[in-house]
Amino acid sequence: MRPRLFGVDFTSRPSRRKAIVVAEGRLEGNVLTVSSCQRLEHFPAFEAFLQTPGPWLGGFDFPFGFSRALVEAQGWPNTWPALMASLSVLPADTARAQLTERFRAWCGARPAGQKFAHRATDGPAGSSPSMKWVNPPVAWMLLEGATRLWQAGVTVPGMHVADPARIALEAYPGYLARRITRASYKSDEKAKQTPARTAVRATLLAALAQGVDDYPRVKWEDGLEDAALADASGDTLDAALCLVQAAWAEVRRTDGFGLPPFDPLEGWTVSVPPAA
């Protein structure tokens, strides 16, 4: 029985205006069909989604771990489950305030160009350091997302063994999008939601339909492709890109989901090869 496949575009403050978007699809041969997209406007809905009975495999657009160097310097627990447990103790706003203070102190003690603590996956993936609390605030995505994965009892390959029927992998839509084009395709600011960005989304959708490198070709049901084109925030397209990465991993399930050896505290972005 093939698992259900999900791609999740995440936000650390879900709302009606800016929801968590979950794309679902099915893989048949080398064709991935996007069958639905749902919007989760608050964390209880996301928590309920994580309890969806398996088997399923999801690609989640947030970092799963902090840099080991940062964790050890802070004296935090040095295993992923223990670290997630410790981050879950405080209310989110209190945790954000305390972490911001620690992150500012870390960056303030370092020279320009070396301010942030990077994970090994950040360079190959082209992703922001997971301790970054602004522009984009991926630290809060980790705080709100990764802790909920741990609380939900899902398995995170290489990091945490729990329910084998519910499997979560770290995804990053920007990595896959940049294999097609480096042009900007989205913005949450109305003034920047331009025809030029719509045209770039069209380019991305066309490339996904043809198949990018060793990723499956993408088809859409029920007008969802039009919705992805029209969504100027890029959230629908990003959820689909995460779904494509999840499908890539499913094909490689028996080979550890295609993940290279990686630090089980830091995590790794699925479908990203290690640095040369």
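**Close-up views of a predicted model**

**View 1. Residues around the largest pocket.** In this predicted model, the largest pocket has a lining of 44 residues, and those that lie nearest its centre are Asp61, Pro136, Met141, Lys186 and Asp238. The volume of the largest pocket comes to about 1000 Å³. Sorted by class, the residues of this lining are 14 nonpolar, 12 polar and 18 charged.

**View 2. Helices that contribute to the lining of the largest pocket.** Two or more residues of the lining are given by each of H6, helix H7 (173–178) and helix H10 (235–251). The largest share comes from H7, which supplies 4 residues to the lining of the largest pocket.

**View 3. The packing of helices H3 and H6.** In general, a pair of packed helices is described by two quantities, namely the angle between their axes and the distance between those axes. Here helix H3, made of residues 80–87, packs with helix H6, made of residues 138–152, at an angle of about 120°, and their axes are 9 Å apart. With this angle, H3 is therefore oblique to H6. The crossing in which H3 passes H6 is left-handed.

**View 4. Residues in the contact of H3 with H6.** On the H3 side, the residues that take part are Trp80, Pro81, Met84, Ala85 and Leu87, and they meet Leu142, Leu143, Ala146, Thr147 and Trp150 on the H6 side. Sorted by class, this contact of H3 with H6 has 9 nonpolar residues and 1 polar residue, while it has no charged residues.

Methods: Residues are numbered from 1 along each chain as its sequence is written. This is a predicted model: local features need pLDDT of at least 70, side-chain atom pairs count only at pLDDT 80 or more; totals for chains, interfaces and linings use all residues. Side-chain values use heavy atoms; hydrogens and water are left out. Axes are lines fitted to C-alpha atoms, for helices over the stretch in contact, and angles run from 0 to 180 degrees between N-to-C directions. Angles under 35 degrees count as roughly parallel, over 145 as roughly antiparallel, 65 to 115 as roughly perpendicular and the rest as oblique. A crossing is left-handed if the near helix is turned anticlockwise from the far one by less than a right angle, and right-handed if clockwise. Contact means heavy atoms within 4.5 Å. Ala, Val, Leu, Ile, Met, Phe, Trp, Tyr, Cys and Pro count as nonpolar, Asp, Glu, Lys and Arg as charged, and the others, Gly among them, as polar. On a 1 Å grid over the protein atoms alone, a cavity is a set of points where a 1.4 Å probe fits but cannot get out, and a pocket is an open set with protein on both sides within 12 Å along at least five of seven lines; lining residues have an atom within 4 Å of a point. Grid points are joined across faces, edges and corners, and a volume is the space filled by probe spheres set on the points.
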